[in-house]
Amino acid sequence: MSGEYFDALETRAPAAREAALMDALPRLIAHAQQHSRALAHILAGVDAQKVTTREALARLPVTRKSELLERQRATRAAGQDAFGGFATTAYGARMQRVFASPGPIYEPEGVAPDYWRTGRALYAAGFRAGDLAHNAFSYHMTPGAFIMESGARAVGCTVFPAGTGQTEQQLQAIAELRPHGYTGTPSFLRILLEKAAEAHSDVSSLTKAMVSGEACPPSLRDWFAERGVAAYQSYATADVGLIAYETAAREGLVLDEGVILEIVRPGTGDVVPDGEVGEVVVTVFNPDYPLVRFGTGDLSAVLPGACPTGRTNTRIKGWLGRADQTTKVRGMFVHPGQVAEIVRRCPEVARARLVVSGEMADDRMLLRAESALSGGADEAASAALSQRLAEAIRDVTKLRGDVELVPPGSLPNDGKVIEDARSYQ
């Protein structure tokens, strides 16, 4: 670690990065098949040595968080391991901690240095060897604090395990220990700075921050800057660790070097064109917990071009919402995957959005479908497509819905395939 970058991987030629990832991918899949009972089942029949391209990877099934939870519940009920068969190591020397996230979903932590790969993000945020990091993520059950601590230690920082709450004691520690940087949620950093101003407590040593766990809009980032703190965001999850991180360019988030990213249409495994909003799906090179095509449930989109800082990896827009848009209509759950199935049955449709409207006890469904037939030049073909779509709605959802054909490109690029526009007032 020296200079502007955490390591030389960040400035590789994109073709060299892609070649290295695709070269390592078959080994990851073979390892997962051999050592993870869950992935041996999910990837049954897959020839790992042939998964050497993104096209081949895209043919593998997506495993979403809900499925991971279901598998964990099943194995726990059967008296087997708590990780649903996904972990490749057992309790002992190679597994130093176990965490619990809401669900509960249990995550293992192996012994590899910087297991969560967050050192890269902290370095981009200005953390350096010899800094003291005030870590205000929770150390109770969930992995957030350890995700940041492992990265801080990889950079060469000393860590003060502040945890959450006890604002007055935290302000005292900041005033006396003089930490250089903060790690934690942006909302708690704001609380600390506001309370410090009220109490005339000296927190001027804090000049940088790595925030995560919730949104940090530009207005809040500017608020921090006005108080002398340069705050940067990282996008990480308890399942896979770091996915992407913010740089000094402030133009999206740069993808971590140990991640293969795909953006897929919600409810499917279908990769969308660059720039289109969809669900973040990642494959992470973690031999202890090898998640292949893991659906995070978060929405984002790929940004064009490279980061102005010289980092050459793919950039994403950041967190744009949740992909799970499941809603209940007339007592029946309707899922994004069902909308995708309706579209699949009608090749003339490029994209579709199911709009649920009405008032309490009067739900109405309208499928707005992008098609070149929407102009009405061929009324018979347009009517036939609308009829087939209406039949597909009934067949797939067991509910009736209207159809509106719209020109290609007219639906919003926000990742939504189900829009709940009902009024409950």
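**Close-up views of a predicted model**

View 1. T268 is buried, at a relative accessible area of 6% (buried means under 20% relative accessible area, exposed over 50% and partly exposed in between, with a 1.4 Å probe and protein chains only). This is a predicted model, in which local features need pLDDT of at least 70 and side-chain atom pairs count only at pLDDT 80 or more, while totals for chains, interfaces and linings use all residues. Residues are numbered from 1 along each chain as its sequence is written, and side-chain values use heavy atoms, with hydrogens and water left out. T268 sits in the loop between β11 (259-264) and β12 (278-284); strands (E, at least two residues) and helices (H or I, at least four) are DSSP runs, numbered from the N terminus. A polar atom of the T268 side chain lies 2.7 Å from the backbone oxygen of R265, and the T268 side chain also reaches the backbone nitrogen of D270 at 3.0 Å. Leaving aside residues up to four places away in sequence, T268 touches V62, R64, A340 and R344 (contact means heavy atoms within 4.5 Å).

**View 2. Helix α4 and its buried face.** Let's turn to a helix. With 13 residues (65-77), α4 reaches 18 Å from its first C-alpha to its last, close to the 18 Å expected at 1.5 Å a residue (the expected span is 1.5 Å times one less than the number of residues). Its buried residues are L68, L69, Q72 and T75. Seen down the axis of α4, they fall within an arc of 135°, so they line one face of the helix (the arc is that of the directions from the helix axis to the C-beta atoms). E70 and A77, on the other side of α4, are exposed. The cover over the buried residues of α4 includes β1 (63-64), β3 (105-110) and β13 (294-300). Just after α4, G79 takes a positive phi of about 75°.

View 3. The whole structure holds seven aromatic pairs (rings of Phe, Tyr and Trp, the last by its six-membered ring, pair if their centres lie within 6.5 Å; planes under 30 degrees apart count as stacked, over 60 as edge-to-face and the rest as tilted). One of them, F99 with F146, is tilted, at 5.2 Å centre to centre and 45° between the planes. F99 lies in strand β2 (residues 95-101) and F146 in helix α6 (residues 144-155), so the pair ties together parts that are 47 residues apart in sequence. Y139 and F146 pair edge-to-face, at 5.2 Å centre to centre and 75° between the planes.

Note on methods
A polar contact is a pair of N or O atoms within 3.5 Å; within protein, one must be able to donate a hydrogen and the other to accept it, and residues adjacent in sequence count only if both atoms are side-chain atoms.
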